[in-house]
Amino acid sequence: MVKVDESLTLRVANLARLELTPEEVQKFIPQLQQVLSYIEQLSEVNVSGVEPLTHPLTIETALRPDEVEVFAPDAQGHSKTLKDAPSVLNDGFKVPPII
Amino acid sequence: MSLEWETVIGLEVHAQLSTQSKIFCRCRARLETGHSVANEVANANTCPVCTGHPGTLPVLNEQVVAFAIKAGLALGCEIRKKSIFARKNYFYPDLPKGYQISQYDQPLCENGTLQIELASGEKKKINVQRIHLEEDAGKNVHMSGYSLVNLNRAGMPLVEIVSFPDMRTPEEAGAYLRALHAIVTYLDICDGNMQEGNFRCDANVSIRPMGSSTLGTRTEIKNVNSFRFVEKAIEYEVNRQIGVVQGGGKVIQETRLYDSAKNVTLSMRSKEDAHDYRYFPEPDLLPVSVDKAWIEKIKKTLPELPHEKRQRYISEYGLPALDALTLTASKPLAVFFEQSLATVKNPKLAAKTTANLITGEVTRLLHEENIEMSQSRLKPAHVADLVELLTQKVVSSTGAKQALLQAWKTGDSIQKIVEKEGLKQVSDLGALEPVLDEIIARHPAQVAEFKAGKEKVIGFLVGQAMKATGGKANPSLLQDLILKKIKS
Amino acid sequence: MPVFRTIRETHDAFDARKISPSELTKEYLDAIEKSDLNTFITVCKDRVMAQAQHADSIFLKHGKVPREQSPLFGIPLGIKDVLTLEGVRTTCASKILENYIPPYTATAVERLEKAGALSLGKLNMDEFAMGSSNENSAYGAVKHPTHYDRVPGGSSGASAAAVKAGLCVASLGTDTGGSVRLPASYCGLVGVKPTYGRISRYGLIAFASSLDQVGTLSNTVEDSALLLQTMSGHDPRDSTTAPAEKLNWAEQLRSLSKKDLNGLRIGVPKEYFGDGLQTEVASAVESTLKWCESKGAKRVEISLPHTRYSIATYYVVAVSEASSNLARFDGVRYGVRSKEAEEASDLATFYKKTRSLFGAEVKRRILLGTFALSSGYYEAYYLRACQVRRLIRKDFEDAFKKVDIIAAPVAPTTAFKRGEKVSDPLQMYLMDICTIPASLAGLPALSLPCGKDKEDLSIGLHLIGPHFGEGRLLETAHFIEKGRGHES
């Protein structure tokens, strides 16, 4: 039975790049604890020899032929994927320094 | 390197597959002719799928699977009937979806081997753990105060080839990488261009007391882009680790970068703890099914592999191992060699001469101008013609070199060049005899020296004869004749 | 204003020249503007009027509605704001996508528009489809169409409310754990979730990839059938779609002439009729079943033993996939980048400041999912949940050996009061107990109005079919609808 405390909550939040205010942390801890305790009942199920199901469908792999389709640039020659980007410089997506 | 320590090296190679389109979308995977990665406009080769727009989905490129199977077969791997994709979750600006689609459990190929040959002639088998498919991330460019993300490379198809930690010296690592590089280029599944990052190596290095069977803590040296640098980086790292341990410390598991200018490895460790990638099966892609029929079809397309060619060159043409190794290091070179030999009258006889030309002058010219075989004006016919002329002693080796250079520059036929430059050797005995008689008559002192046992003096006499014939005589023929005359 | 409840009524009105497509569209736009239900986040005024005017000109050319070529000619629809429409803002009811303009249109929507449908606008929803009451929207909660103090259900709450309130003829929603069927039940509409893989998810902004499906909300079964068949079929841009099939469900329903249910075996799972069931819900479902029996159906008591583990399974699997799917919302390539994010001096802060724009429920589910996949917990949570999922699917597979269709309630209660459960996440999750199992198994399922409680709130009958068994499912629902009426 996992115990949800501040340390676990903050660690998971960091992994998910979520910033929680102290109020949120306090609000979430009992809620998450309640849900995880509810989920605990899965441990009563006998799953020995049961293969995990990740796709509800049983169909063949979808493969596509090796063909090119260009996602056309706009009239000025810039990529449409840059359109409406929050911050663009020299055709690159601008972000804070990475190092 | 201290004798008490054993080095353990494992290598991970990421090879970008030379398919037409990316692995999960239909953006171009190859550059347009004449373009290079450096001058491609950033983000020009992207679409909503490879930039991770919401609601987009990956669709697997059939050719990517075929190429990976080809690699697996060439390395003698077991090809899995059903393999699955997995998400590797982490946050980084060049990773558009916040996860990379890769393979974790149940990769496409497993348990192969690659035989390597060292300079000493020693052969060793390196075991290959797995080959799996994955997509590449984009590139970050670091500026002052900000970074720019270019996603042209995001979604490029990669195979990751992971070896078992079977290598014990930097040389073995270098040999493994060269052999693997040759294979992927031979198979035509990867262009092997290391400058553009299409064949990248990460080295996992650890040390342990000689005789121990447990593995030491390893460090990972990432993204070294030449074979030589890999060997040097490993050498440095091993010494560094030995230094750490002998100084009473412990090797820290971390990622390191190689600085080729200073020949050192540097820690890349950031303040964050080790990534928890939270791998789970990719729900947007179904398992990849590979049946026997498909594998057989691909098997039939396997070309003669580098080591098979080497064997053939040695046994069929009697070429020395080193020549065979040099010729087969790159497929274009090997193909050029074979095509040159194809039109020669007596290939077995001409093989060494042909090999010499190619491993000598041709290779030198390629390096000098830093171009590929396909980009040069030289054709197999040029080499074939030259080889014929050399065999018949119509040209001297100096003359041949000259002719080759001209052919390289102009592309003109050998016949035309030999005529134009007047490169035909004089081998006509009738013309030579009087010249030689005159030389012998003019240099009685040297003749006497030779008769007295100073054999080297013959070089002087041959030199004089060459001068007298304007350099057009066949020097070995001259030497034979002079010897005959002196001895008689 | 003339409000048309069905596609056929609308087409008849066009043909009778009672109203033109553009006049009708204008009426709907006016009604939307006047409505205080808060159903539309974005109204595509110019775009839809242009579509409508184009329909006008086509009508003039043909002299009547070209029903064969254009089965959805001139029909104004609402589209849940989780499906992309090129050039039109798509928010998923989140602040993080407040300004997001997709560069492509979802396949499902594209197919409807190709068949003549008009897109009035983007419908409100629970943020990123996470919720059962449409109270989790960053653009305000949606009101129940007839009982203002109640919730319309979720996450496709507005999709239901808009149809019921006469703001569109029908609408698209999405169903991951019941998000089409639950609002349909609460609002008194037909709501259909097809078999997983029927309709392309390309353009459906992902919540849980192995569960999400586009669904329909309409006043009649026939309308849903027509919408579904128009959207269904293999899409090369979605690897999880089933192979194409020629579908004519709508025609089959229209030509349905049978007078009874011909021994249809209806399975009634005892696990769905437990203690928490509101008495009126139980009796409404019961009386419908009795009616079916009177029409020749055979009632079979069945057991789906793993039903009680469905919610736990769902809230591990769905949140795990969601935590990964939502990683792409990082402010780098699209969406909102807050001022604090822009001013961040390091990456971690940058991500966190942008992602703080998520609502509380979304944050909770991301935390749960990240936890369930993380190192040390993966086996006990994610892996185990996937195993239980297989057992849940097997329950259905075994049941469908004995029965043709399964009948149950859609929800344990009728629409609850706004604010009643919003501060108790687990209580909210428990509302999905009846709908989740069919989602986990990927089965087609629908909600059909079958009665009212004493507050005059609608009760939905849940019908579940075997994989790809929409034909019989829709036929049965249609038969009940025709024979019994809606009382909605």
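Reader: How far apart do the C-alpha centres of domain 1 and domain 2 of chain C lie?
Author: The model is a predicted one. In it, chain C is divided into domain 1, residues 7–251, and domain 2, residues 312–380. The separation of their C-alpha centres is 28 Å.

Reader: Why does the radius of gyration of chain C agree with that of a compact globule?
Author: The C-alpha trace of chain C spans about 70 × 55 × 45 Å along its principal axes. Of the 488 residues of chain C, 64% count as buried. A compact globule with 488 residues would have a radius of gyration near 23 Å, and chain C agrees with this because its own value is 22 Å.

Reader: What share of the contacts in chain C with a separation of 6 or more comes from residues 24 or more positions apart?
Author: Chain C contains 17 helices and 11 strands. Among its contacts with a separation of 6 or more, the share from residues 24 or more positions apart is 76%.

Reader: Is Asn38(C) buried or partly exposed?
Author: Asn38(C) is found in the loop between helix H2 (21–34) and strand S1 (40–43) of chain C. Its phi is positive, about 65°, although Asn38(C) is not a glycine. Most residues other than glycine have a negative phi. Since 17 C-beta neighbours lie inside 10 Å, Asn38(C) counts as partly exposed.

Reader: Is Asn134(C) buried or exposed?
Author: Asn134(C) also has a positive phi, near 55°, and is a residue other than glycine. Its place is in the loop between S3 and H5 of chain C. A residue is buried if 20 or more other C-beta atoms lie within 10 Å of its own. Asn134(C) has 34 such neighbours, and therefore it counts as buried.

Reader: Which element gives the most to the side of chain A that touches chain C?
Author: The contact takes 40 residues from chain A and 53 residues from chain C. Helix H1 (6–15), helix H2 (22–39) and strand S3 (92–95) of chain A each supply at least two residues of that side of chain A. By class, this side has 26 nonpolar, 7 polar and 7 charged residues. The element that gives the most, with 7 residues, is H2(A).

Reader: Which element gives the most to the side of chain C that touches chain B?
Author: Chain C has 33 residues in contact with 26 residues of chain B. Two elements of chain C give two or more residues to its side, namely helix H10 (310–325) and helix H13 (360–373). The one that gives the most, with 3 residues, is H10(C).

Reader: What is the bridge partner of Asn140(B) in S10(B)?
Author: S9(B) and strand S10 (residues 147–150) of chain B run antiparallel and are joined by 4 bridges. In S10(B), the partner of Asn140(B) is Val149(B).

Reader: Which helices of chain B do the buried residues of H7(B) pack against?
Author: Helix H7 of chain B covers residues 331–342 and reaches 16 Å from its first C-alpha to its last. Its buried residues include Phe336(B), Phe337(B) and Leu341(B). They pack against H2, H5, H6, H8 and H9 of chain B.

Key
Residues numbered from 1 in each chain as written. Chains lettered and ligands numbered in written order. Predicted model: local features only at pLDDT ≥ 70, side-chain atom pairs only at ≥ 80, totals over all residues. Expected span 1.5 Å × (residues − 1). Buried ≥ 20, exposed ≤ 12 C-beta atoms within 10 Å, placed from the backbone. Contact = placed C-beta atoms within 7 Å. Nonpolar A, V, L, I, M, F, W, Y, C, P; charged D, E, K, R; others polar. Rg over C-alpha atoms; globule rule 2.2 N^0.38 Å. Pairing = 2+ DSSP bridges. Domains from an automatic or database assignment.
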